[in-house]
Amino acid sequence: MASEEELFASVDALLEEEPHLPPPAERARLREAAGITQARLATALKTTTQSVKNWENGRSEPKSPRLDAYQRLLNGWAAKYPAHGAASAAATPPAASSAPSASAVETADALQAPAGPARPATRPAAASRRPAAKKAVQPAADPRFPHGPLGVLDGDGSAYGVGGIVLDCPATTIPELVEWTLRESGLGAAKLNRYGKDSDPLIVLTAAAAVKLGLPERLEGHEQRRSLRLPEDHPVVKQVAKAKWQLTQRGFGPWPRIYRKAQGRERQCVQLAILSWDALDERSWPGVSEMEPADIARVLGVYAQRVITPRGSTAVSGLELMTALRPPTKAVQDPATGNWVSGHNPGSLGTEPMDPAPPEATPEHPVVVNSGWTGGFLNEEAYQWVRSVDTLTDEECTLPFAVGLDLNTAFLAAAARLVVGLSAPDHFHAPTFNPKIPGSWLVDLSHIDLDPRLPSPFTPDGTRPAGPAWYQTHTVAYAQELGYDVHPIEAYLRRETGAYLDPWHDRLKTAYVDTLAGLGVTRDLDDRQFLAAMEQHKQSDPAMAAVLSAIKATVKGGVGKLRERPQGKSYTEGETWPALQRPTWRPDIRAAVISKARVNMHRKLRNMATMTGLYPLAVLSDCVVYPSPGESPLDFLPYAASGKPQPGGFRLGPTPGLAKLEGVQTMLWAVDLMEQGYNPARHIKGGDAVLDEGE
């Protein structure tokens, strides 16, 4: 018969094989009963205060040898401070520690002590492998991605997610990080369209995390910043290759994408963003790179929830969003075999790149160089116009102020219900103009004589056309709207059409309006309240103000990417460049958006002149400057007797296409700039704002 000593030795061996911890709420109770702070416990176990918080909230579990030491401590406390009326901690099934009940999580949150000095506190959140409570930013509802779309990794191995979730990441190399992200993190996001693909998880690396994983803190080189990447012989690049992972063509730069070939429907791809390599451009994400990891996760999490999980710059994300909402393919049944195969998704741009018509291309494009095209190009660009000082009246010059109005996301407003071509262009000679057919028309509009106090609607610089030129459909249709006959000489038109950008517009509009509303600028405000709210909105929550900035940059950058030019000094005219391999390289769609936006602007300028007798001083893209008797737009905008804004002119409000105050200067200041040939709209805000179409 076995002795008592042998039996105890066998039991101890079993216990040592698989240590079981009490549930998270009990861990917190025992520590508090012993009068020990989280910071002091962290010091004893040689870990961080945040890790202790994670263990007590069920966000993560310690690993051996720390697990054994923690269990021994808890067992000792349990003997000293038993729970009244509760079952023994030792009898708790192991599943309780990995998936605590909602009540246990709530108890843990109630007992949670303030964060110690070792790490800034995250926003309180109940989180285990499944989010248990409603949060300000709700993680993905898809059970495959319980921890939301992304994590921000710090140098101590904590990955901060949306809603305050913090995960322990044990990875010490990039391949280990990729494996952990795909197999253990619970990160990712569901597809935005039933025919699309799930969004790959994003891991954002702080400078400390990058160094810990073997990367240089800064990425230096002589090339343009956006083309910088690690050399092929860098140890990390070799590690990735040795582990049988691959990098996309853009290599290991600020936004590396690491993948293996998909197995069936299961994608194996992780997107990284390296903060200290300028992954988050300050112009699009103001102040975000300097935030704490939890706040960065909040900003990027809201953007991912409302727009898309970032895939690169806001311009790249804007383009990716188009494809995510209009996937090129869907499953169709082969009538011959009955099998399901990949087929074209109607309304999308398809999977193959499409050559533009010569006048829609850029001068260096192979279509132009190889054909010897000399017939001119579309010049559909945003306004950069300054009124001639000779047309200013004495009455205008005596007005005290120049007030700038800015149209909210003017390109986004132009994308609404915009019909664009989906098929290849066909060439026509002397066609009859049809405003419903998208395309490029060679037509002479030089005979149209308009008021010199307004810019011409047909040219970006506002000057009168000198002869026949290529125009997008909206520009020619506007000439017809003004009452002039148009007789195209030739045209490149597309037979298959559709409102390709509609879902893109709808998602970004909702994101813009919701984010602005979260900053206190809501649709129910009257014009005075709106102006007051806009003065303060960036101060109310800088993190959400950064999200708003990123949404606006996504719109302009996405439109700009439709005609991305070649990069690098070594490029030779006539060669292809990487952007041409995308079905979304569509300069004709970009031209349609900008043409419609410019026409919309001119229509408002004309209506304002009719209703108020006021003429602008300058226009820059979506900003217009007017002379004003007062410092507010309320001093010159047209209102009906009822107090409601007059339709047709500029109207204040928080939705795309409506206006906000851009800035106020003196009329003397504006006229002085105009006399020097400068555009007051560029500087009305008081800084050195520049036209940015994301190109």
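These questions and answers concern helix packing and salt bridges in a predicted model.

Q: Why are H12 and H19 called roughly perpendicular to each other?
A: Helix H12 (residues 314-325) and helix H19 (residues 542-561) pack at an angle of about 70 degrees. Angles of 65 to 115 degrees count as roughly perpendicular, and H12 and H19 are therefore described that way. Their axes are 7 Å apart.

Q: Which residues in H12 meet H19?
A: Thr314, Ala315, Val316, Ser317, Gly318, Leu319 and Met322 do, and their partners in H19 include Ala550, Thr554 and Lys561.

Q: What makes Arg298 and Asp541 a salt bridge?
A: The closest N and O atoms of the pair are 2.7 Å apart, and the cut-off is within 4 Å. Arg298 lies in helix H11 and Asp541 in the loop between H18 and H19, so the pair ties together parts that are 243 residues apart in sequence.

Q: Why is Asp541 called buried?
A: Asp541 has a relative accessible area of 17%, and buried means under 20%. Arg298, with 22%, is partly exposed.

Q: How do you know that Arg494 and Glu360 form a salt bridge?
A: Their closest N and O atoms are 3.0 Å apart, and the definition asks for within 4 Å. Arg494 is buried at 3% relative accessible area, and Glu360 is buried at 4%.

Q: Which residues are linked with Glu360 and Arg494 in a network of salt bridges?
A: Arg586 and Asp588 are linked with them. The side chains of Asp588 and Arg586 meet at 2.7 Å, N to O.

Terms used:
Residues numbered from 1 in each chain as written. Predicted model: local features only at pLDDT ≥ 70, side-chain atom pairs only at ≥ 80, totals over all residues. Heavy atoms only, no water. Axes fitted to C-alpha atoms, helices over the stretch in contact; angles between N-to-C directions. Helix = DSSP H or I, 4+ residues; strand = E, 2+ residues; numbered from the N terminus. Parallel < 35°, antiparallel > 145°, perpendicular 65-115°, else oblique. Contact = heavy atoms within 4.5 Å. Buried < 20%, exposed > 50% of the residue type's maximum accessible area, 1.4 Å probe, protein only.
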